[in-house]
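Visitor: I would like a close look at a single part of this model, and then an account of how that part sits within the rest. Please take your time over it.

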Amino acid sequence: MKSQIKRGVSLYSFQEELFLGQLSLEDCVSFAAGIGANGIEILPEQNIASFPNVSDAQIAELHAMLARHGAHFTAYDMFLDTKRRKDRLMSDEEQVESIHRDLILCNRLGIRNMRILIFVRPDILEKCVPMAEKLDVHMGVEVHAPWHLEHAWIQRTIEVADRLNTRHLGILPDMGIFMKHYPPVMRARYERQGARPEVCDFIVDQHEQKVMCEYTIFEVAVKMQGNKAEVAMAESLRHNPYANPKRIYDYAPYFRHIQAKFYEMTEDCRDPALDYDAVIPELVRAGWDGTLSSEYEGNRWIQDVMEVDSREQVRRQHVMFERLIAKAEADLAGAAA
Amino acid sequence: MKSQIKRGVSLYSFQEELFLGQLSLEDCVSFAAGIGANGIEILPEQNIASFPNVSDAQIAELHAMLARHGAHFTAYDMFLDTKRRKDRLMSDEEQVESIHRDLILCNRLGIRNMRILIFVRPDILEKCVPMAEKLDVHMGVEVHAPWHLEHAWIQRTIEVADRLNTRHLGILPDMGIFMKHYPPVMRARYERQGARPEVCDFIVDQHEQKVMCEYTIFEVAVKMQGNKAEVAMAESLRHNPYANPKRIYDYAPYFRHIQAKFYEMTEDCRDPALDYDAVIPELVRAGWDGTLSSEYEGNRWIQDVMEVDSREQVRRQHVMFERLIAKAEADLAGAAA
Amino acid sequence: MFDKYTIDPASLANVGPADAPTGFAFTTKLGYYRGLGLSMVEDLKVSLDGEAFPREAITFDDGNGALSLDEMETAYDRRWVFGAPATVTVALPGGFPAGEHKLALQQRLRISYMPFPSFNNDEKVVSL
Amino acid sequence: MFDKYTIDPASLANVGPADAPTGFAFTTKLGYYRGLGLSMVEDLKVSLDGEAFPREAITFDDGNGALSLDEMETAYDRRWVFGAPATVTVALPGGFPAGEHKLALQQRLRISYMPFPSFNNDEKVVSL
Ligand SMILES: [Mn+2]
Ligand SMILES: [Mn+2]
């Protein structure tokens, strides 16, 4: 069975080089298309200087640029500045208005998937469903660690989607929720900041065993009297639980796009931390046909000691995707035969 | 469809009266049998003074006492004192030995379900499976809040059970994991301790919305500069997430006994906090035939202002069980017709 | 969970010769929902009007023989049964002082499945 | 996430008359992974050798006109574009002191989806 999974890249992946002016938007798109990841996820607030006042001419330019490389947009990452004013939060009406603004720009950019920040309230999203339906944009709440697919906050959005029987509200999983092993790049940075190797070993082992993070934090902070870097490393566990990859199969009808978060790919194109080995087969089994969109977030863990090469990291991830998708297809065909 | 769910009571429910000597063990059993909850869950370390050296004569007495009331044992709550010695933790061998001791006593008591404390390591349990199989005792790891059925720590036990293909290792869910609403008895005690009503309102509302607890704790502790009782109440959210009740259906093959935790039943026999309304239909739908074993834990929240009446609380819960089971049966029959 | 019940005020009595008491005693129950091996009772802190007695002044007897708190730490074969009163004796020449005093007890327990000790605190105004 | 890049040391220059500088200036980028409305830049704290300048001494210009930090708080219609340098000017009669000095910058940002402010810190030894 040939899977219909598509591959792409979020421009978030190239934030280091984009920030430093080492790569242009077109460089990123050209590179992505070159590795077969021609679905481009855009963060207008990062990648379009004129945001939110984007002209038709600019949009035409963007589309022409994509066309030059055989690429296309897959998803639009929205933000919602509820604290824009210091004196008060945005009212509900202002929040809906801000999301409408993004839905409209998303539609003008020809994009049908919008990443919704996880903190946006389900009742606000409910109010945006009519506009999303009209513009045919799927609003996917980003399921980001330490939340997980089964978290009650996420279930509230699922409930709204079910109740409205709409295909324009759902989720958008960030694969950071499937952290099976503690990322070596994170550990290494905490070590450079002064965490002792034996304490790092302990924290990594506790994570490996899936011990409730609060226990580990207590052990490190109180019993071991850990230093600042050690306590910070232990506290990082709070943000990085390991969700059950099997659930990605169950919720597949609720998402059309995945942020394929990663922190580091090894030279032999393996992810030492996130459980893509378990996730990809579930996606293939579900017959899912959305886009796996690379979201490299390793730059901040290594920039203190080395040059960041986001392109090489993304390239390795896509080698892994091709390998794992092919394997899952073969396994599924084998099981069916 | 007539469900096969059985009803029972854990002696844990009567801890207040047992501690104070207001009820004897037989009083508890007699009461439980009187409300049709004739499956008795025992905590030998609470209820048998001679533990762990329980004689055959004592066991015969216990059985005779149960027989007098038409009751029987359903489950055995084990403990594991890994920190028995101050100078070191129990070795793996000592842990296995302690669990063997409990398995043997469990078997001598004629009990086929053993509650395993959640902190017991899966690899230790794996070593105990042969003995559990020999004695035909199901070892069920208590899935207690803030863990939940999908938590990676719990999944490790499920994996061991699957790998060994054994029916003698699994889980034992504590219904505290399904806290849909914040318990009024908890709120009330924090108010008596000095929490201001408006801050309590905020915390309850955040819980109701299923906001990630760390945000609420931060708001109360830092932004509102909450007092000690308020911060303690906010921190209580960390221990009381709301797990998805639908999952109880999926994991039904892995458990044979349920600790039906509750903090308070209203006069009209409703649980204002835990989502039995959603859980019971899943159990009925799964055709589950284990025991719903009352675990009343409200005493510690009210004993500062009123007499605890554990029997009345348990009675109300069983009225609710009968109502919800009958309704679920009728709904399922209606759906099938 | 049973903090408020852990001092039995009616049990207060002096010990030693009536005319020259060597201390006082009262009964207490383990404030936990199950029994516990004595080696896991890390401390029984007694204070009078806010003044704590030294650890050496305390002895414990569950009916099976008196132990110092240090001896308790290795009493691996003895258990404090759930709901069972035990006697705490405090060495204090002259015995319990006349009149009403605030008697406080803190039980510190080492519970294997909890990362931090479990404390049970009680405080009652008592007199002989 | 871009803390270490937020001070551009090559940009350091005095402002005002060459013989009587009224202060100094340098360029900085917003140390965040997207652009942000200026009203959400809560503070730009500049210090020299550990000594912080008063908030009133700082002005910000993203190329669209200089603003005091207080004015920035209500500049709802302006955004600090991702990766775009802006000029921070510090009032200091005489300009940047001679020789090497430790220049530190802290950007405090109000990020709506985070309960606490986001800080970007940079510190570099610079000279004119
Ligand atoms: Mn993401
Ligand atoms: Mn329980």
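Guide: In this predicted model, the place to begin is A:Q313, which counts as buried because its relative accessibility is 12%, and the cut-off for buried is under 20%. This glutamine belongs to helix α15 of chain A, a helix that covers residues 310-336. A polar atom of the A:Q313 side chain lies 2.7 Å from the backbone nitrogen of A:M265.

Apart from its neighbours within four places in sequence, A:Q15 is in contact with A:Q46, A:N299 and A:R300 in chain A, and with D:M1, D:F2, D:Y33 and D:F82 in chain D. The C-alpha atoms of A:Q15 and A:E297 are 8.7 Å apart in space, although 282 residues separate the two in sequence.

That pairing can be read against the contacts of the whole chain: among those in chain A between residues at least 6 apart in sequence, 80% join residues at least 24 apart. Chain A has 15 helices and eight strands. Its radius of gyration is 20 Å, close to the 20 Å that the globule rule gives for 337 residues, and chain A is therefore as compact as a globular protein of that length. Taken along the principal axes, the box filled by the C-alpha atoms of chain A is roughly 55 × 55 × 45 Å. The accessible surface of the chain comes to about 13200 Å², with 52% of it belonging to carbon and sulfur atoms. As for charge, chain A carries 40 positive and 52 negative side chains, and the centres of these two sets lie 2 Å apart.

Some backbone details deserve a careful look as well. Most peptide bonds are trans, and most residues other than glycine have a negative phi. Against that background, the peptide bond from A:F51 to A:P52 is cis, with omega near 5°, and A:P52 sits in the loop between α3 (44-47) and α4 (56-68) of chain A. The bond from A:A145 to A:P146 is likewise cis, with omega near 10°, and A:P146 is placed in the loop between β5 (138-143) and α7 (152-164) of chain A.

In the other chains, phi is the angle to inspect. B:Q225 is not a glycine, yet it has a positive phi of about 50°; this residue lies in the loop between α10 (213-223) and α11 (228-236) of chain B, and its relative accessibility of 60% makes B:Q225 count as exposed. C:D49, again not a glycine, has a positive phi of about 50° and is located in the loop between β4 (41-48) and β5 (51-52) of chain C. With a relative accessible area of 46%, C:D49 is partly exposed.

Key. Residues are numbered from 1 along each chain as its sequence is written. Chains are lettered from A and ligands numbered from 1 in the order in which they are written. This is a predicted model: local features need pLDDT of at least 70, side-chain atom pairs count only at pLDDT 80 or more; totals for chains, interfaces and linings use all residues. Side-chain values use heavy atoms; hydrogens and water are left out. Helices (H or I, at least four residues) and strands (E, at least two) are DSSP runs, numbered from the N terminus. The radius of gyration is taken over C-alpha atoms; the globule rule is 2.2 Å times the number of residues to the power 0.38. Contact means heavy atoms within 4.5 Å. Accessible areas come from the Shrake-Rupley method with a 1.4 Å probe; for residues, only the protein chains shown count as cover. Lys and Arg count as positive and Asp and Glu as negative; His and the chain ends are not counted. The place of a charge is taken as NZ of Lys, CZ of Arg, CG of Asp or CD of Glu. Buried means under 20% relative accessible area, exposed over 50%, partly exposed in between (1.4 Å probe, protein chains only). A polar contact is a pair of N or O atoms within 3.5 Å; within protein, one must be able to donate a hydrogen and the other to accept it, and residues adjacent in sequence count only if both atoms are side-chain atoms.
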